[in-house]
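Welcome! Let us take a walk through this structure together, one stop at a time.

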Amino acid sequence: MNSFFKILNYGIWTNNSSLVQLLGLCPILAVTINATNALGLGLITTLVLVCTNVIISACRYWIPKNVRIPIYIMIISAVVSCFDCLINAYSLNLYQSLGMFIPLIITNCVICSRADFVAIKNSVFISFIDGLFIGLGSTLAIFIIGSIREIIGNGTLFFGIENLFGSWSKLLYVKIINSNHTMLFFLYPSGAFMVLGFILAGKNFIDKKISSNDCSLCVNKSSSRQGKK
């Protein structure tokens, strides 16, 4: 159970691919104009991560080390192409919103790095958990950025959510800010940079607070031990 929470903390907070490694920023800055697009791209990326990790882990004994990177790319391309066709067939509006960024998942460095660092060396279960949590961490970061941009820039939340989850999800759509008080700046890539910068600053501030508290606890423990002696 402890290892489970360690992997969860690693993927969502400690080594978040979007907030720590800063990988895959192109779709983050371009697609996250609303929470729906951000959530859609994040979930697709998570599914690709899980599928590629599982496939590569299952075939790891038959993948030659000297040509492993081209094989990774072939597997990732095949999985992304399958999801691209499925989304085009069953959710055309979402497909049109995400556009070219679905095929660009193939070039996402996170997927190839997890394949080489985790999937090729570990069991299918560990590779599955790693892909799931790394993907969920990235999805959470993308969703937060998309939500902030949509609320400030458009005054809404979950606009077009029915394109992702169906007609029942229209209940999630809310109008938060009057359109006369919104800031269109946040719907542009420059606004995305600003939102990302504030989120990174907030995360670094929290990490420093946690580390300082841990240090103070260690000092108190050592001083109490010396007092007992």
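Our first stop is Phe-158, which sits in the loop between strand 1 and helix 8. Keep in mind as we go that this is a predicted model. What is the phi of Phe-158? It is positive, at about 65°, although Phe-158 is not a glycine. To put that in context, most residues other than glycine have a negative phi. Is Phe-158 buried or exposed? Its relative accessible area is 17%, and because buried means under 20%, Phe-158 counts as buried.

Now let us turn to the aromatic rings. The structure holds 4 aromatic pairs, and we will visit some of them here. A pair of aromatic rings is described by the distance of the centres and the angle of the planes. Phe-159 pairs with Tyr-173 in an edge-to-face arrangement, with 6.2 Å from centre to centre and 65° between the planes. This pair links distant parts of the chain, since its members are 14 residues apart. Phe-159 lies in the loop between strand 1 (156-157) and helix 8 (162-165), while Tyr-173 belongs to the loop between helix 8 and strand 2 (174-175). As for accessibility, Phe-159 is partly exposed at 48%, and Tyr-173 is also partly exposed, with a relative accessible area of 35%.

Another aromatic pair brings together Phe-165 and Trp-168. Here the rings are tilted, with 40° between the planes and 6.5 Å from centre to centre. Phe-165 has a relative accessible area of 34%, so it counts as partly exposed. Trp-168, at 55%, is exposed, because the exposed class begins over 50%.

Our last stop is a meeting of two helices. Helix 4 covers residues 68-90 and helix 6 covers residues 109-119. Their axes come within 10 Å and cross at roughly 125°. That angle makes helix 4 oblique to helix 6, and the crossing of the two is right-handed.

Which residues of helix 4 and helix 6 meet? From helix 4 come Arg-68, Ile-69, Tyr-72, Ile-73 and Ile-76, and from helix 6 come Ile-111, Cys-112, Ala-115 and Asp-116. Sorted by class, this contact of helix 4 with helix 6 has 7 nonpolar residues and 2 charged ones, with no polar residues.

Definitions and conventions: Residues are numbered from 1 along each chain as its sequence is written. This is a predicted model: local features need pLDDT of at least 70, side-chain atom pairs count only at pLDDT 80 or more; totals for chains, interfaces and linings use all residues. Side-chain values use heavy atoms; hydrogens and water are left out. Axes are lines fitted to C-alpha atoms, for helices over the stretch in contact, and angles run from 0 to 180 degrees between N-to-C directions. Helices (H or I, at least four residues) and strands (E, at least two) are DSSP runs, numbered from the N terminus. Angles under 35 degrees count as roughly parallel, over 145 as roughly antiparallel, 65 to 115 as roughly perpendicular and the rest as oblique. A crossing is left-handed if the near helix is turned anticlockwise from the far one by less than a right angle, and right-handed if clockwise. Contact means heavy atoms within 4.5 Å. Ala, Val, Leu, Ile, Met, Phe, Trp, Tyr, Cys and Pro count as nonpolar, Asp, Glu, Lys and Arg as charged, and the others, Gly among them, as polar. Rings of Phe, Tyr and Trp (its six-membered ring) pair if their centres lie within 6.5 Å; planes under 30 degrees apart count as stacked, over 60 as edge-to-face and the rest as tilted. Buried means under 20% relative accessible area, exposed over 50%, partly exposed in between (1.4 Å probe, protein chains only).
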